[in-house]
Every structure is written in structure tokens, then in C-alpha cells.
Amino acid sequence: MADHEPPPPDSPSGIVHGDRRGGVEHGAIHKPIHTSVQYGFERTEDLIGVFQGTRKGGFNYARQGAPTTAALEAKITGLEQGLGSICFASGMAALSAVFLTLLKAGDHLVSSRYVFGNTNSLFGTLGGLGVAIDKVDAASVDAVRAALRPETRMVFVETIANPGTQVPDLDAIGALCREHGLLYVVDNTITSAALFRPATVGAGLVVNSLTKTIAGHGAALGGAVTDTGLFDWRGYPNIADSYRGLDPRQWGLQQLRKKALRDMGGTLAPEQAHRIALGAETLSLRVAQTSASALALARFLESHAAVERVHYPMLESHPQHALALRHFKAGSWLLAFELRDSARMPAVLDGLQLAIKATGMGDNRTLVIPVAPTIYWEAGAAVRAEMGIADGLVRVSVGLEPADELIDDFAQALSRP
Ligand SMILES: *Cc1c(COP(=O)(O)O)cnc(C)c1O
């Protein structure tokens, strides 16, 4: 490597130094928080150029982007090794942007059956708008192939599903999408680019909830969509005519920025972008430690007499263990377990001293939640059965507490009468 070559943007050094790459005012170590909503220009021509998308890197009105969010977008793009990214106010705003601006009535979407509960609820809204959705067991590429129709536009999966930790056949689905010219959208929230880059399996768009793994501190909501540059937008029928004059590689991002950020307004605030960027500096350390602790805790729980089943991709007992080993550097902080006697669940959870009973994930603190009566309550018993969510299922988001302390905490809670 030459002396002045910057570290790769997805490396630990690249993540830490990424903020300075676009030039930082006054030599500041962090990208400053720019709160200005409007941006003025010396020359009318430049103002016009920003509106028409012909002048690169300018800002006009902060609903469509601002310097602090742009620095975070560059960091995410570097992590995912993509073409460009757009940040949103939350992970759900990012997912809504993808589905609402790239699909229209009459289109068909094939999704993994195992997706984040709010994403599943959003599919209900999409159905009402005339988008047909088939939910399949994406651990089998054959199930995805069998669901394809002439109107299929998009295939959607999560890398490791929350809460059941199912893993789709990521690379085979990528090959299938390439073969059929379909947009492959991968939600990388649980793994993050520190464990897996969806571009390596042919994803066209990557979605990250920045609230979780990337920020880590649980003190800011945010989401991002990254265009990997792998999808050929020229074959996508839903791009508006007004964007077809640009370089075709930019069509997807332009439509997302204009139709979602500008028109729908789910914009990430600069203060939140700054907090997320700070959290992201420790991403590689956090992901390595929480994955190691989660595996240790999963092994302990699996060996415990009171535990019926543990869901964690790096356990040999996991149905997609081989897929997980092939794709992911480690298993992430997400695990779930079922007690043999689900009636004991409240007492066991109340016995935990270290882990906090709370929703949310990817936090520096270990969080536990009984899944069926909380996040999957609104979905109803039929959906829970279809998604394999048992009444006694407990989700654990493993934090930065040392593994032996976490194991001791679960051991004492499980041994309570
Ligand atoms: C949490 C989560 C989201 C939504 O992110 P928010 O930032 O909470 O809106 C989307 N996908 C997955 C897999 C998630 O875990």
C-alpha cells in the first residue's frame, strides 16, 4: 500500500477516519453538526445545478440532505462498499422509502416469511395499495423461485431474522435475482457490514437500521439505504421519466432521494446523524465482542436443563448453520431461546440482574424481551404460528457486559424456583 493511500472504508481504521475524508471545517476531528435548513449560493447557476442534479455535492433544503447526514451517508457507503447511500429518520423510514417509491399497484414482491414485525405490518399497508406479496421460507431458494411471477419486481430478505435467527440462502437468491433481472433488497441490520456485506451475494439495495448495530448506544434512531451499484436500473420499469436523463447508475438513488426524502420527508436530523457516526466508530470492536459473548451464552443456554431450544446461527444445532458459517464472520448479538416450561418465563426474566427487560436491539446493554406477548402480540396467534414464535420465546440482544457475567446472571435466574 502506498504511503498516502487511505485505509479501506470498511476496515476499522477506515470507519474511524471516514468522517474526515470529505474535508472537515477548521480541521475538526468530527464532522460538525450543521443545522442550517437552507443553503445559499454565490451564483444562480449553482443554485439551478443543485436543483437539477447536475451540480454534485451541493445542498439546497435539508429535507433532502445536509452536510452532517451526507458525511454519515459516505461512512455507510464505505462500510457497504456501495455506490451511494441515503439516510432516513429510522430503519422503518428507510424500508418504507424502498417499498413505496420503487413498487406500484400491480407489482409483486417476494419476501422472506421471517422478517422484522414492523416490516411485516408494513407489508399489510403495501397490500392495501395494490402490491401483491408472497412470503416464503427463504432458507430455500426453490421456495423463492416457485413464488416468482411475471410482475415480480423485488425479492426481500433479512440476513439473520429477528427474533428466530433464520438465515436465507443469500447467495443462491442473489444468483436467482440476477438471472431474472430482479431487484434484490437485503436488510443487513442484524449483521451490519462488520459481519456481512450483501453486495457479495449480489444485493442491489442494502437497508440498515442505524439505530441498532451501527450506532450501538441506543441514543438515536436512524436508517439508511445503500445502492451497491450491482443492479441495472435500465431494466426497472418504475423509474420516473424525470430521472432517466441522468447516468443510469444514479436512477435508483435519485428516485429514492426525491420521491422518499423530498416528497415523504422522513429525514434524519443532523444531531442524530452525528450521534450515529460517533457510535459507528466502535462498530468492529462491538460486533466482535458481542458475537463472541452471544455464542458463549447460546452454548450455555443450550446445555441448561430448563431450556428447550436455543436459536443462534453459530450453534451446530441451527438449521442454517452451514449457510451462516459460509456467509457471516460471526453470529451477531441476536439470540433467542425457549424455556421448557413457558409458565416460568416471567419469573426467570424478573430474576435477571444485569440484562434489562426492554424492547430494542443491538444496544451496548444486554436487553431481553418475551416475544409473543409484546412485539408479536398485535400480529395475532396465526401469524406467530406461521413465523414459528413459541409462547415461551425470549429474545436476547447481547451487549458489552463480559460473557462470564452474563452467563452467571442467566444461570442464577434460571435456577430460581
Ligand atoms: C429494528 C429493525 C428495523 C427498523 O429499524 P428502526 O430504526 O427501529 O426503525 C428494520 N429491520 C430490522 C431487521 C430491524 O431489526
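Visitor: Which helices each supply at least two residues of the shell around the ligand?

Guide: Helix H4 (91–102) and helix H8 (210–214) each do. Helices (H or I, at least four residues) and strands (E, at least two) are DSSP runs, numbered from the N terminus. The model is predicted, so local features need pLDDT of at least 70 and side-chain atom pairs count only at pLDDT 80 or more, while totals for chains, interfaces and linings use all residues. Residues are numbered from 1 along each chain as its sequence is written, and side-chain values use heavy atoms, with hydrogens and water left out.

Visitor: Which of them gives the most to the shell?

Guide: H4 does, with 3 residues.

Visitor: And how many residues surround the ligand?

Guide: There are 14, and the closest are Gly91, Asp187, Ser209, Thr211 and Lys212.

Visitor: How does the shell divide by residue type: what is nonpolar, polar or charged?

Guide: The shell holds 5 nonpolar, 6 polar and 3 charged residues. Ala, Val, Leu, Ile, Met, Phe, Trp, Tyr, Cys and Pro count as nonpolar, Asp, Glu, Lys and Arg as charged, and the others, Gly among them, as polar.

Visitor: Where is an oxygen atom of the ligand relative to the side chain of threonine 211?

Guide: A ligand oxygen is 2.6 Å from an N or O atom in the side chain of threonine 211. For the side chain of serine 209 the corresponding distance is 2.8 Å. At methionine 92, a backbone N or O atom lies 2.9 Å from a ligand oxygen. Taken alone, the ligand exposes 380 Å², of which the protein buries 92%; the areas come from the Shrake-Rupley method with a 1.4 Å probe.

Visitor: Changing topic: what is the strand order in the open sheet?

Guide: The order is S8-S9-S12-S11-S10, with mixed pairing among the 5 strands. Strands S8 (307–311) and S10 (356–357) stand at the edges with a single partner each, so one side of each has no neighbour in the sheet. S10 pairs with S11 (residues 367–370) in the parallel sense over 2 bridges; pairing requires at least two DSSP bridges.

Visitor: Which peptide bond is cis, with omega near 5 degrees?

Guide: The bond from asparagine 162 to proline 163 is cis. Proline 163 lies in the loop between strand S4 (152–158) and helix H7 (170–180).

Notes: A residue is near a molecule or strand if one of its heavy atoms lies within 4 Å of it. A polar contact is a pair of N or O atoms within 3.5 Å; within protein, one must be able to donate a hydrogen and the other to accept it, and residues adjacent in sequence count only if both atoms are side-chain atoms.
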